[in-house]
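Subject: Structure handover

Hello,

Here is the structure I promised to pass on. Please open it beside this email and follow along.

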There are 2 protein chains.
Amino acid sequence: MTRSTVSTPTKPATSDSIAQALSLAIHEHKIAPGTKLGEDDLAEIYGVSRTVVRAALQSLHHIKLVDIRRNKGASVAFPSIKEAHEVFEARELLEPRTARSAALYATREDIALLERHITDEHKALDDADPGRALYLSGLFHTEIARIAQQATIAGFIETLIARSSLIIALYWRRESALCEKHAHHALVQALADKDGQQAEELMRSHLVDLHSALDLTERKGRTQSLKDALSQ
Amino acid sequence: MTRSTVSTPTKPATSDSIAQALSLAIHEHKIAPGTKLGEDDLAEIYGVSRTVVRAALQSLHHIKLVDIRRNKGASVAFPSIKEAHEVFEARELLEPRTARSAALYATREDIALLERHITDEHKALDDADPGRALYLSGLFHTEIARIAQQATIAGFIETLIARSSLIIALYWRRESALCEKHAHHALVQALADKDGQQAEELMRSHLVDLHSALDLTERKGRTQSLKDALSQ
DNA sequence: GAACACAAAATTGTATACAATACAAGTTTC
DNA sequence: GAAACTTGTATTGTATACAATTTTGTGTTC
């Protein structure tokens, strides 16, 4: 949010910028769930002391993006199937209503911004960068929450989308691809038309689609205990 | 949550325990909004170094209970009127639905626990300890969210209730006293009857009552800019 | 007496040092 | 050869030291 996340060599790298860089990497599936996040490693990578790295990790811990266990350190969170259901149920409770509010407040600029997000997302898909496409897809939802002028709820949705990214990394079914492609388009149209009821309904069905595109059947051990062991 | 918050002299005092102690004090209106929370002071009070105090403060910052500004330090948050509206609107969106779910899952023990909360709350009022009564009143809502078996949403509600405590400290109208006294009772009854619809409706009207019991009219400067200056 | 400038004190931000804990490998013992 | 113990290494938790910034107090000037 402040400025760049990497690049310029003469920048101090605050805890916020590190948290954001890690958050982005997780969103884009550059770092897999369960990956260990050693303090020394990160401190060296970002050219700061462990103190500031710890602050960044705690920040991500509070939004459940990273797991911190005492004397064991931090690792990218590994949401369980139960958590996955909870997150999407929470989204289904919050986002449709928020989309309805957004229809009231959406300005011409907001609509343009959302449309730009969609084209960027498509471009990322064309560039064979599904991680970035996923990130932009999440940003689309975050943006709608922001438009609705409810910063508090928008904050909640932001964390839910972050966690959704982890859930998708773990439980997404290959079969169901980008079914959402036109869902976002239709949503923008409803917002542009200031049709709150339609926006609410579209958002609800869109989220139900996403939820059902996950493979949340409780199979035998599977990745569950296997990767959990690897996460240590 | 781990163990005691104060008392035993031979205890290490972790950042969690400090965060909880401060949170409790804020809930009970022992510390007013805007109060400066100096690191050295807290470090001395709890017998730890500033390192762990900072972690505790950051923790509270993430749930918007304390305000942290760079190079200026931490102070108890001072929610604006806009934020106050947002918090209660978010509660009105989340809690009624959650109460409905709670009616499905509430066990005999849960009901007993909630009734105990109510009697404790009344006792605190009799003991002329309105701060503790307020805290217990909030705990009542948190408990319902927990009963609903939606840890994610329960977490959101918990932070909303924490912030509500600050909002009440700032904007509560003296005139409207403990109108909620029988509201909680009726809610428990609905839960005991497993009447989800009734629970949802009772919770909604209860929250609307609370919201309207606040004085959120945007008067001239008043506490707004005055106390805001004091909060520095 | 008010306003500005500068110096001193206090407070926060960051880095480093040390202590405590966990993990892994190797050794001993049965 | 396997289990248990021990030791060594790596990593995290906490405290302290130092740097940077803000605040406060004082003195000078108009």
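Below is what was found, going from the whole chain down to single residues.

First, the ground rules. This is a predicted model: local features need pLDDT of at least 70, side-chain atom pairs count only at pLDDT 80 or more, and totals for chains, interfaces and linings use all residues. Residues are numbered from 1 along each chain as its sequence is written, while chains are lettered from A and ligands numbered from 1 in the order in which they are written.

**Chain A overall**

Chain A has 10 helices and three strands. Here helices (H or I, at least four residues) and strands (E, at least two) are DSSP runs, numbered from the N terminus. Their order from the N terminus is α-β-α-α-β-β-α-α-α-α-α-α-α. Chain A has 232 residues, and 39% of them count as buried. Buried means 20 or more other C-beta atoms within 10 Å of the residue's own; exposed means 12 or fewer; partly exposed is in between; C-beta atoms are placed from the backbone. Take the contacts in chain A with a separation of 6 or more: 71% of them join residues 24 or more positions apart. Two residues are in contact if their C-beta atoms, placed from the backbone, lie within 7 Å.

Helix 3 of chain A gives the most, with three residues. By class, the surface near DNA strand C has two nonpolar, nine polar and five charged residues. The classes work like this: Ala, Val, Leu, Ile, Met, Phe, Trp, Tyr, Cys and Pro are nonpolar, Asp, Glu, Lys and Arg are charged, and the others, Gly among them, are polar.

Now DNA strand D. It is surrounded by 16 residues, with Glu39(A), Gly73(A), Ser49(B), Thr51(B) and Asn71(B) the closest. Helix 2 (39–46) of chain A and helix 3 (50–62) of chain B each supply at least two residues of the surface near DNA strand D. Helix 3 of chain B gives the most, with three residues. That surface has two nonpolar, nine polar and five charged residues.

**Where the chains meet**

Chain A brings 15 residues to the contact and chain B brings 14. On the chain A side, helix 3 (50–62), helix 4 (81–105) and helix 7 (151–171) each supply at least two residues. Helix 4 of chain A gives the most to that side, with six residues. The side of chain A that touches chain B has seven nonpolar, five polar and three charged residues.

**Two helix pairs in chain A**

The axes of helix 2 and helix 3 of chain A come within 9 Å and cross at roughly 110 degrees. Axes are lines fitted to C-alpha atoms, for helices over the stretch in contact, and angles run from 0 to 180 degrees between N-to-C directions. Helix 2 and helix 3 of chain A are therefore roughly perpendicular. The cut-offs are under 35 degrees for roughly parallel, over 145 for roughly antiparallel, 65 to 115 for roughly perpendicular, and oblique for the rest.

The axes of helix 5 and helix 8 of chain A come within 10 Å and cross at roughly 175 degrees. Helix 5 and helix 8 of chain A are therefore roughly antiparallel. Among the residues in this contact are Ile111(A) and Leu114(A) of helix 5 and Val188(A) and Leu191(A) of helix 8. By class, this contact has six nonpolar, two polar and one charged residues.

Buried residues of helix 6 of chain A include Leu134(A), Phe140(A) and Ile144(A). Just after helix 6 of chain A, Gln149(A) takes a positive phi of about 65 degrees.

Lys123(A) and Ala133(A) are 10 residues apart in sequence and 8.1 Å apart in space, C-alpha to C-alpha.

Best wishes

Notes:
Near = placed C-beta within 6 Å.
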